[in-house]
Amino acid sequence: MIGVDAARLLGRIRELGSVGRDGEGRLIRLAASDTDRQGRDLFVGWLRQAGLDVAIDRVGNIFGIWQSPDNAGQAPLLIGSHIDTVIDAGIYDGCYGVLAGLEVIETLKASSFSPSRPVAVAAFTNEEGVRYTPDMMGSLVHAGGASADAMLAAVGTDGSVLGQELARIGYAGDREPGFLKPRAYLELHIEQGPVLEREGVPIGAVENLQGISWQRITIDGAANHAGTTPMSMRSDAGHAAARVITFLHDRATDSNGPTVATVGTMRFEPNAINVIPSRAIFTVDLRDPNEQSLQAHEAALAAYLEDLAVSENVSISVERLARFEPVLFDIGIVERIEAAAKNRGLAVRRMTSGAGHDAQMMARIAPAAMIFVPSAGGISHSPREHTEDAELVAGANILLDVATQLAK
């Protein structure tokens with residue numbers, strides 16, 4: 001039974017993790033930034049060293065393609081994830097899956113394996129959605145869920161325009177998004193949650209992915225003096241916002257299911273200690289693996305906001321930021337992941353992904369599934385993000401085994 005080159009894989013994860021550090025040592029490779037270019041340059045260099053054909057599409061998605069004259073006309077097996085990061089990131093999120101995909105191809109090439117279809121690895125643009133929205137942008141465009149022109153016109157949090165930034169850093173490619181139509185898609189990722197570590201299981205066969213509903217809520221009240229305005233005469237946008245937070249927390253908790261609700265950003269105006277807030281602007285992140293349940297929670301929130309506007313004497317507006325339905329991954333590939341783990345003597349469990357991934361976009365156009373490995377303490381999007389080396393290698397070997405089957 002062949003296995004990946006552990007030293008090469010782990011070395012690349014750490015080398016890529018050293019690229020894009022700021023003066024405080026924080027890892028920051030936001031999409032289409034100068035540090036993103038540094039990470040892209042390193043990755044493309046490794047693709048060329050491996051003898052792969054490199055293709056870049058108009059939204060900056062990078063593909064390394066292993067093909068031969070015998071299989072060039074076949075739909076490829078695509079392995080992918082992303083290498084952009086959040087602010088002050090860990091070194092594994094996304095990057096592990098991309099580099100493991102490259103490692104799988106190099107291992108298969110070295111073993112003289114002859115795939116009946118091309119095998120490709122992808123690094124998708126702006127998966128994190130920190131600088132530009134929506135997140136999972138590159139894979140969304142690749143899957144036909146958004147137009148390239150619309151996404152290239154996206155304005156970032158710093159006022160930049162994605163298309164201009166991709167051109168500036170040299171990654172505005174000439175291939176049309178979606179040019180590569182996969183036969184199947186695989187993604188290896190750290191769990192970003194505590195389940196595998198808590199249960200002592202090294203491999204997760206991800207069978208579905210939660211639906212995601214992002215909204216921005218604006219509550220308008222009236223600013224007034226904090227000391228002289230009686231409580232009964234206030235139109236307090238801040239208090240109304242606090243009630244929404246409590247409502248979401250209680251509803252998700254009382255559901256006794258997998259529903260989660262988060263208010264991740266909030267700001268008040270005029271934001272002064274002695275002034276009643278005239279405006280509160282905040283985001284709501286609702287997630288559930290069942291579409292009907294997610295719709296029910298969205299409807300309950302809408303009804304609550306309508307009642308709240310009356311009871312708090314405020315006006316409320318809602319903006320939809322993103323909405324993705326839950327994804328069911330291909331059961332055949334999930335079963336292959338389970339079988340591969342058992343064949344290597346590793347415990348495995350089926351599970352739901354609570355985070356969004358490029359795989360949920362790719363599942364629109366091809367059979368897809370994900371492999372998870374444990375995250376220490378369930379921590380991600382943090383420099384404390386950690387997975388043991390042996391667990392990283394084990395996950396890459398499962399990816400290798402499943403890719404070998406799917407490439408035949």
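Predicted model: local features only at pLDDT ≥ 70, side-chain atom pairs only at ≥ 80, totals over all residues.
User: Why is Asp-93 called buried?

Analyst: Buried means under 20% relative accessible area, exposed over 50%, and partly exposed in between (1.4 Å probe, protein chains only). Asp-93 has a relative accessible area of 7%, so the residue is buried. Asp-93 is placed in the loop between strand 3 (77–81) and helix 3 (95–110); helices (H or I, at least four residues) and strands (E, at least two) are DSSP runs numbered from the N terminus.

User: What makes His-381 partly exposed?

Analyst: The relative accessible area of His-381 is 39%, so this residue is classed as partly exposed. His-381 sits in the loop between strand 14 (368–373) and helix 12.

User: How do you know that the side chains of His-381 and Glu-128 are joined by a polar contact?

Analyst: A polar contact is a pair of N or O atoms within 3.5 Å; within protein, one must be able to donate a hydrogen and the other to accept it, and residues adjacent in sequence count only if both atoms are side-chain atoms. The contact between the side chains of His-381 and Glu-128 is 3.2 Å, so the distance meets that limit. The side chain of Asp-93 likewise makes a polar contact with that of His-82, at 3.4 Å.

User: What makes Asp-93, Glu-128 and His-381 gather at one spot?

Analyst: UniProt lists Asp-93, Glu-128 and His-381 for "binding site" in an unreviewed entry; such annotations may be inferred rather than shown by experiment. They span 289 residues in sequence, yet no two of their C-alpha atoms are more than 9.8 Å apart, so they gather at one spot.

User: How do you know that the reach of helix 12 is close to the expected span?

Analyst: The expected span is 1.5 Å times one less than the number of residues. Helix 12 (residues 389–406) has 18 residues and reaches 26 Å from its first C-alpha to its last, close to the expected 26 Å.

How values were computed
Residues numbered from 1 in each chain as written. Heavy atoms only, no water.
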